[in-house]
Amino acid sequence: MKKRFSLTNRLLPMAILFISITLVQCKKEGTNATALDRTVLSADIDSSLFSQFYDSTVVPMADVTPDVNDVIVKKGVLSIIKSNCATATCHGGAVSPTLTTYAAISSLVTAGVPQTSHLWQLLTTNDLNKAMPPVSATNELALSDKNIIYNWIKNGAKTAPDVNDFRPAAMRIINSGCTAGNCHNEATAVGYWARSGYFTYASSDTTTLAVTNLTTGAISWYPQMANTTLKDQVWNAYKDSSRKFYADTLANASFRPYKVFSGRGPLNTYDDIMLDVNYPKALRSASGAYKVNGVKVNCKGDYLNSTSTILSRVDSTVLLANPRTGVWATAQQAGMTYSDGGVGQYDIAIIKAWYFSDTNIPDVWKYGINNAGIFKYRKSGNIITKK
């Protein structure tokens, strides 16, 4: 009798605990439901987070044997679903549907519309009877994983990413890696122009940024335009003048652009970056003899006579040929990667993928004049041409 009583005492607390856990997990209201808002991401999507279905993507225009900057390895939708939903005891085993293939997963989405996609609704509902994966203390998708799935659906739910996936991710990488401090931002360029007397703004409109070289300890001082309104007005006028000048350098000689600070062109926005793609900063800061208000202003007139592009300044695996002369560089550039931004190989691959997939970039800056090629791989010597 004592033995039976002892066993009952042991089993009863376990039974109560099991029932309590079951009720909490299955109820629509309860500690789990009130502590977790699974819809939070829908109001704050990061569209610049790179999304792909598989974990590995070979970029457009990769070498025959892909080089180190030719493959994007990032967590993909399939891995997220397999880790959280398609386990052996759930949608990877006996539970229907089996979510281990592109066909099965894509059948649950409406391409381009996450909000009406069944998969997205399951991932974001606060109804714990419908929530997938089942809500528990240790089994909820990270917000970054949800973001990848959202962007994948929004961008077309494709088997392989395209410019819609590459472009926002590339812009974020360039912005975060290159525009800070004294580098590729309009505040520094316009501040330099103001201090140099290119236009008549008081010195009170500028401030000074101190940048310390972490290797040598040396401190450099850079002028910055503090007045945001003036900065935007001047920089937008500069871009308009540059485009007009290069459209017809003879007829529009008076629109010759100012020298950009230290030869660095701002890269804050997509529009800034496209200006640099079409009219590289080396052209807009090259040797020449022209004065504005008595101050020398430099630039080249031939926008194709360039020995530098934004891609060659990022990707060390390629060499550049001057589009006008056809003369190949003998060494890689890639200063924006190693000196400025410290960008990793998968990020470089994303930038390269964007560059060759973006239809707003003219073919002449991808493949040269008459498809002669302006980029070739250092190791193999293969020239990138339009197929």
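Visitor: Is Asp-276 buried or exposed?
Guide: Asp-276 is buried, with a relative accessible area of 1%. Buried means under 20% relative accessible area, exposed means over 50%, and partly exposed is in between (1.4 Å probe, protein chains only).

Visitor: What kind of model is this?
Guide: This is a predicted model, where local features need pLDDT of at least 70, side-chain atom pairs count only at pLDDT 80 or more, and totals for chains, interfaces and linings use all residues. Residues are numbered from 1 along each chain as its sequence is written, and side-chain values use heavy atoms, with hydrogens and water left out.

Visitor: Back to Asp-276. Which helix is Asp-276 found in?
Guide: Asp-276 is in helix α10. Helices (H or I, at least four residues) and strands (E, at least two) are DSSP runs, numbered from the N terminus.

Visitor: And what does Asp-276 touch?
Guide: Leaving out residues up to four places away in sequence, Asp-276 touches Leu-267, Lys-281, Arg-284, Ile-310 and Arg-313. Contact means heavy atoms within 4.5 Å. The C-alpha atoms of Asp-276 and Gly-265 are separated by 6.9 Å, and these two are 11 residues apart along the chain.

Visitor: How do α9 and α10 cross?
Guide: The axes of α9 (residues 228-247) and α10 (residues 270-278) come within 11 Å and cross at roughly 30°. Axes are lines fitted to C-alpha atoms, for helices over the stretch in contact, and angles run from 0 to 180 degrees between N-to-C directions.

Visitor: Is the crossing of α9 and α10 left-handed or right-handed?
Guide: Left-handed. That applies if the near helix is turned anticlockwise from the far one by less than a right angle; clockwise is right-handed.

Visitor: Which residues make the contact?
Guide: From α9, Trp-235, Tyr-238, Lys-239, Ser-242 and Arg-243. From α10, Asp-271, Asp-272 and Leu-275. By class, the α9 contact with α10 has 3 nonpolar, 1 polar and 4 charged residues. Ala, Val, Leu, Ile, Met, Phe, Trp, Tyr, Cys and Pro count as nonpolar, Asp, Glu, Lys and Arg as charged, and the others, Gly among them, as polar.

Visitor: New topic. How many aromatic pairs does a search of the whole structure find?
Guide: The search finds 17. Rings of Phe, Tyr and Trp (its six-membered ring) pair if their centres lie within 6.5 Å; planes under 30 degrees apart count as stacked, over 60 as edge-to-face and the rest as tilted.
Trp-120 and Tyr-150 form an edge-to-face pair, 5.1 Å centre to centre with 65° between the planes.

Visitor: Where do Trp-120 and Tyr-150 lie?
Guide: Trp-120 lies in helix α5 (residues 118-124) and Tyr-150 in helix α6 (residues 143-154), so the pair ties together parts that are 30 residues apart in sequence. Trp-120 is buried, at 3% relative accessible area. Tyr-150 is buried too, at 10%.
Tyr-246 and Tyr-279 form a stacked pair, 4.8 Å centre to centre with 10° between the planes. Tyr-246 is in helix α9, and Tyr-279 is in the loop between α10 and α11 (281-284), 33 residues apart. Both are buried.

Visitor: Which residues do ring pairs link into a cluster?
Guide: Trp-354, Tyr-355, Phe-356, Tyr-367 and Phe-375.

Visitor: Switching to Arg-324. Where does Arg-324 lie?
Guide: Arg-324 lies in the loop between β7 (318-320) and α12 (335-341). Arg-324 is partly exposed, with a relative accessible area of 43%. Not counting residues up to four places away in sequence, Arg-324 touches Asp-302, Leu-304, Asn-305 and Ile-369.

Visitor: What about the phi of Met-61?
Guide: Met-61 has a positive phi, near 70°, and is not a glycine. Most residues other than glycine have a negative phi. Met-61 lies in the loop between β1 (56-58) and β2 (71-73). Met-61 is partly exposed, at 24% relative accessibility.
Asn-371 also has a positive phi, about 60°, although it is not a glycine. Asn-371 lies in the loop between α14 (364-367) and β8 (375-377).

Visitor: What does the protein's pLDDT average?
Guide: The average is 81, and 80% of the residues score at least 70. pLDDT is the predictor's confidence in each residue, from 0 to 100. Over residues 1-32 the pLDDT is below 50. Where pLDDT is low, the predicted coordinates should not be read in detail.

Visitor: How many helices and strands in the protein?
Guide: There are 14 helices and 8 strands. Of the 387 residues, 44% are buried.
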